[in-house]
Amino acid sequence: MLTLFLLAQMAQMPMPMSADTAEDPVALAKEFLEADLSSRPGGGSKELSVLTTGGSGFDRTNGSWTFVESPSVRIKVSTTQQRVVAMDNLAVSPREVAVEDANGRTRSPEEMRGMVVQVPVEVARDRGVEYANRHIGKETMGGLSISADGLVSRGSRFVYRFAWRTTLDEDGVAFGMETVSVEIDPTSGEVLRFRNLVSKVDEDQPIAIEATRCRRIVESDLGHLEGFKVTQMVLVSLLEEDSTSVPAWAVGYEFVGPMGRRPGACYVHAMTGKLLK
């Protein structure tokens, strides 16, 4: 849950672009797809599907973004960062397995997995790594740690999910964050989804609130929660719509709620110490 929160919120420092240097989002999407086509035998000669721009918006993760779409793919391009941050393969859907068989008997998770998994996890992992290397680069990938590895259930569907992230130190602290995730169809071996989020933060960036003080601020405000514990603190840059950025600590924590142990997350402004829930 915390990882999803960070993925939904972390942001890269804005890179001002002039009208002469900014690339069209469709061109960036085509470049991304051409890298995939060129990796397949004969793929380089295939024509790309007609791509058109779809919805657009702003979030503190990617800045301004635009969807570039065709009937078979949806690509999210950050026009602030000038790169592809997400891809969804619309041509392939994981096979759905009914929870009950024809006789009304409830299938076990093992039985359901056996009905859809035709690609071994080792093969799927290799494809995920290859895909990530192609779009992120081996050197960058080599500096990340695995955070998800294997088959996950989504109700009546299963997917392989492989994810990597910046390594935290022994105190759970990191300066800047990069996360990469690739989902693979366990039946066909096709890539279903790709995500790459980056928060560039210079370790020498002046901040008023260091990690130790940040921990004390959060503990002072939220320490009344049963079983409260700070699990990680990541210095990120939150984007504003006026193209400025705010240095902040993305703090993950755990506490005991009515349904048991739960994750939580908040921000602490790295200059003022204000808690941003």
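Is Arg-113 buried, partly exposed or exposed? At 30% relative accessibility, Arg-113 counts as partly exposed, where buried means under 20% relative accessible area, exposed over 50% and partly exposed in between, with a 1.4 Å probe and protein chains only.

Before going on, note that this is a predicted model, in which local features need pLDDT of at least 70 and side-chain atom pairs count only at pLDDT 80 or more, while totals for chains, interfaces and linings use all residues. Residues are numbered from 1 along each chain as its sequence is written, and side-chain values use heavy atoms, with hydrogens and water left out.

Next, select Asp-36 and Arg-134, which form a salt bridge whose closest N and O atoms are 3.0 Å apart. Asp-36 is buried at 9% relative accessibility, whereas Arg-134 is partly exposed at 29%.

Move on to Arg-195 and Asp-88, whose side chains form a salt bridge at 3.1 Å, N to O. Here Arg-195 is partly exposed, at 22%, and Asp-88 is buried, at 16%.

Finally, select Ile-209, which is buried with a relative accessible area of 1%, and then Lys-274, which lies 65 residues away in sequence and 9.8 Å away in space, C-alpha to C-alpha.

Key: A salt bridge is a side-chain nitrogen of Lys or Arg within 4 Å of a carboxyl oxygen of Asp or Glu.
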